[in-house]
Amino acid sequence: MASDHVDVLIIGAGLSGIGAACHLRRDCPDKTYAVLEARDAVGGTWDLFRYPGIRSDSDMFTLGYSFKPWTAPKAIADGTTIREYVRETAREYDVQRHIRFRHRVLRADWDSAAARWTVHAQRTDTAETVVLTCSFLFACTGYYRYDEGYTPALPGLDAYAGQVVHPQHWPDDLDHAGKRVVVIGSGATAVTLVPAMAERAAHVTMLQRSPTYVMALPSRDRLADALRRRLPAKAAYPVVRWKNVLLSTVNFQLSRRAPGLVKRVLRRAARGRLPVGYDVDRHFSPRYDPWDQRLCVAPDGDLFTAVAQGRASVVTDTIDTFTAHGVRLASGDELPADIVVTATGLNLLALGGLTVRVDGVDVDLANSVAYKGMMLSGVPNFALTIGYTNASWTLKADLVAGYVCRLLRHLDRTGQQVVTPLPPPDARRVPLIDLRSSYVLRAVDALPKQGAAAPWRLHQNYARDVLLMRHGRLTDEGVRFTRAGEVATPVGDRVPTSPSARR
């Protein structure tokens, strides 16, 4: 079967994939590339999710690209505006014509002798098999399943006569005006949905098994508004970006070092926005410390406002069973519901379900170790993007894409063709995603790991990572540069060598 060849093949046309393509256009203009996207549109998460109020929990001065200033008024933006920002960036950098839509990547095989990946994809519209080859494979797939959200077993659901909806598959024609809505969940999706639906619903109840930390933040950035009146966008943008990076870093570090203080601050802030006598401890004071799970953001305190005005309520309890007309709780109370929204989480899916093989051997992702949070031990000429858990996804995505470009230029400069991360010298391992959220804990054993120290360990600190990824050495003890066929590829924790390398 004939195949196309490109220097770099990017998987995914979401926020990360479009950013990666733009970095290539800017920093490696001589490289050929293609982007494979399983869906039929640019935008990834921001095109997939269409539920009411969909927005980012991160401010757009850090979720935006480093090279493309965010100019819209709101710092915490809605999904439609973010989607258009990504598409506008793709058009501006002429990325659109390099995207092959409806191409789901199934398998990638590395051949050390040829220093080349062979990638097998299937067209989602025709079921046709497509084969491409590339010198470098860049997975920008995110880490959760697009075709299936997580819904736990819900007792008695068959008896319920109303409509049940998962936010990941929101019907275009769902009309919740004047309806009684129960949103099951307490994460970012629920915190977004409840105030948005409460604008038109008869009443919205957020039913949570346990509370989540919710932090009210202004939807507009005052410094950004002030600087925009005096400076060009390209001058104002990095100032606001770094201000927000530093604030989020201080928030995270303080949460780690003085969790009791941060708990008290968040509790006091919630109490100040809720009616006198409201049971803040029951409904907004989790058992875990701040940033053991992501903090949820309420722009301008919209969730607290909806609760204070009586348009929404929060119930902390467990489900006994569904009834024909609602949900009966363990306490014996029943919540009437015309619509139930199961905002119960995501299913993780590493590399979009891609199977990776190196010289005929399947790569066991669970036993691989991440190098600088972006490459995998024993997998040559391969990178993946996993954003920060304590800050904006794109901060990390920008760093990874920039580092890939540095690697490509280094290979060209030195006349080498292959870069292979090595496993760390000791056996200590920690999870790649350092969160205790349920969706992470359900899949943590199937994900790659980190080592105990750099360069196999990153510390969720953007400022430190800028020094490492933009200005640090490319050659260190964690990576090997070779020419095609010189050294067989390390697989997992084994580092086999070819006969020529042993001589």
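Predicted model: local features only at pLDDT ≥ 70, side-chain atom pairs only at ≥ 80, totals over all residues.
Residues are numbered from 1 along each chain as its sequence is written, and side-chain values use heavy atoms, without hydrogens and water.

The protein chain contains 14 helices and 27 strands; these are DSSP runs numbered from the N terminus, helices being H or I of at least four residues and strands E of at least two. Its radius of gyration is 24 Å, close to the 23 Å given by the globule rule for 503 residues, so the chain is as compact as a globular protein of that length. That radius is taken over C-alpha atoms, and the rule is 2.2 Å times the number of residues to the power 0.38. Along the principal axes, the C-alpha trace spans about 75 × 55 × 45 Å. Of the 503 residues, 54% count as buried (under 20% relative accessible area; exposed is over 50%, and partly exposed lies in between, with a 1.4 Å probe and protein chains only).

The largest nonpolar core has 136 residues, and Ile10, Ile18, Trp117 and Phe138 have the most contacts inside it. Such a core is a set of buried Ala, Val, Leu, Ile, Met, Phe, Trp, Tyr and Cys residues joined through side-chain atoms within 4.5 Å. Helix H11 (residues 393-414) supplies the largest share of this core, 12 residues. Beyond its neighbours within four places in sequence, Phe138 is in contact (heavy atoms within 4.5 Å) with residues including Val8, Ile10, Ala20, Leu384, Val400 and Val404. Another core, of 11 residues, lies apart from the largest one; among its members are Leu154, Tyr160, Leu335 and Ala337.

Pro259, Val262, Leu266 and Ala270 are buried in H8. These residues lie on the same side of H8 because they cover an arc of only 65° around the axis, the arc being that of the directions from the helix axis to the C-beta atoms. The buried residues of H8 pack against strand E11 (214-217) and helices H7 (233-257), H9 (280-284) and H10 (302-308). On the other side of H8, Arg268 and Gly272 are exposed.

Finally, Ala114 is located in the loop between strand E4 (103-111) and strand E5 (116-123). Ala114 counts as partly exposed because its relative accessibility is 43%. The C-alpha atoms of Ala114 and Arg483 are separated by 9.7 Å, although the two are 369 residues apart along the chain.
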